[in-house]
Amino acid sequence: MTEQNGFKYSILASGSTGNSFYLETPQKKILVDAGLSGKKIESLLSEIDRDIHDIDALLITHEHSDHIKGIGVLARKYGIDLYANEDTWTELDSKNALGKIPTEQKHLFEMGKTMTFGDIDIESFGVSHDAIAPQFYRFMKDNKSFVMLTDTGYVSDRMRGIIENADGYLMESNHDIEILRMGAYPWRTKQRILGDQGHLSNEDGAEAAFNVLGNKTKRIFLGHLSLNNNIKELAHLTMDGYLQQHDVDTKNDLKILDTSHEHASKLYDI
């Protein structure tokens, strides 16, 4: 049984090949994004002994394929309610990105708003990424909170004010700058990733984490690592080194945790 205080969560998948996040409370079971096949999402949930039939809602961050690939199939097969902001819905519909979804399953979750799902409050906030209207989320219950923040080129003062001092973070560590610069991607793609509407590098993610963590913060998960432009150990060392240089005790006070693009994390209590 889920504890009455706080909530449980698992990073089902995080990386350039697909992303999905699971959260549960005594009253609700929620997915954020489903950027892998419907079958893979079901498999990832089974790794933490959870069933896709029990999902109450699926929140969409933005329209890029590594965040929406399995949503249409899951929505049609299981009747899951979907939530996105109006501009994202318009983009998804104009490109038929999810296929045909019954109107009654499509709901608005506007940027900058807080919605209550049963016993949990979820706040959306805009990020700087080359999508139509990308937004991520802070989950809040019983004075506990968890923040998802990937797919952004930088972290603004406004964003910092919304997400500071959470108990846990999924923080983007997309690429190592030198690996990206030396790699095989076209220069135009490299510019996009490195730009203000791209992705946070390992160094950017470490700086962003330090700027928002507080006394409550106990876990930082490294998210959205590029398969081609990063190395898991390097991302981890960069975050650990930066925080230790700034007098953060990463052995006792706070844990840095890796994520996987193909296996779910364990189910954590916030």
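This is a predicted model: local features need pLDDT of at least 70, side-chain atom pairs count only at pLDDT 80 or more; totals for chains, interfaces and linings use all residues.
Residues are numbered from 1 along each chain as its sequence is written, and side-chain values use heavy atoms, with hydrogens and water left out. Local features need pLDDT of at least 70 and side-chain atom pairs count only at pLDDT 80 or more, while totals for chains, interfaces and linings use all residues.

## Sheets

Helices (H or I, at least four residues) and strands (E, at least two) are DSSP runs, numbered from the N terminus. Two strands pair if DSSP finds at least two bridges between them.

Tyrosine 22 has leucine 31 in S3 as its bridge partner.

Another open sheet of seven strands runs S7-S8-S9-S10-S11-S12-S13, also with mixed pairing. Here the edges are strand S7 (114-117) and strand S13 (255-257), and each pairs on one side only. From one strand to the next, the twist averages 20 degrees. Axes are lines fitted to C-alpha atoms, for helices over the stretch in contact, and angles run from 0 to 180 degrees between N-to-C directions. S8 and S9 run antiparallel and are joined by six bridges. Isoleucine 122 has its bridge partner in S9, phenylalanine 139.

Helix H8 (residues 202-212) packs on this sheet. H8 touches strand S11 (168-172) and strand S12 (219-223), and its direction makes about 155 degrees with that of S11. Contact means heavy atoms within 4.5 Å. Helix H9 (residues 232-245) lies across S11, S12 and S13. The angle of H9 to S12 is about 140 degrees.

## Salt bridges

The structure holds ten salt bridges. A salt bridge is a side-chain nitrogen of Lys or Arg within 4 Å of a carboxyl oxygen of Asp or Glu. Side chains of opposite charge can pair when their charged atoms come close.

Lysine 77 sits in helix H3 (residues 71-78) and glutamate 42 in helix H1 (residues 38-47), so the pair ties together parts 35 residues apart in sequence. Lysine 77 is exposed, at 56% relative accessible area. Glutamate 42 is partly exposed, at 25%.

Aspartate 93 lies in helix H4 (residues 86-94) and lysine 106 in strand S6 (residues 106-108), 13 residues apart. Aspartate 93 is partly exposed, with a relative accessible area of 43%. Lysine 106 counts as partly exposed at 27%.

Arginine 192 is partly exposed at 32%. Aspartate 130 is partly exposed at 30%.

## Packing of H1 and H3

Two packed helices are described by the angle between their axes and the distance between the axes. H1 and H3 pack at about 75 degrees, with axes 8 Å apart. The two helices are therefore roughly perpendicular; angles of 65 to 115 degrees count as such, under 35 as roughly parallel, over 145 as roughly antiparallel and the rest as oblique. H1 contributes Gly38, Ile41 and Glu42 to the contact, and H3 contributes Leu74, Lys77 and Tyr78. These residues divide into three nonpolar, one polar and two charged. Ala, Val, Leu, Ile, Met, Phe, Trp, Tyr, Cys and Pro count as nonpolar, Asp, Glu, Lys and Arg as charged, and the others, Gly among them, as polar.

## Glycine 153

Glycine 153 lies in the loop between strand S10 (144-149) and helix H5 (157-163). It counts as buried, at 10% relative accessibility. Glycine 153 and aspartate 196 are 43 residues apart in sequence, yet 4.2 Å apart in space, C-alpha to C-alpha. Not counting residues up to four places away in sequence, glycine 153 touches Ser128, Gly195, Asp196, Gln197, Gly198, His199 and Leu200.

Notes. Buried means under 20% relative accessible area, exposed over 50%, partly exposed in between (1.4 Å probe, protein chains only).
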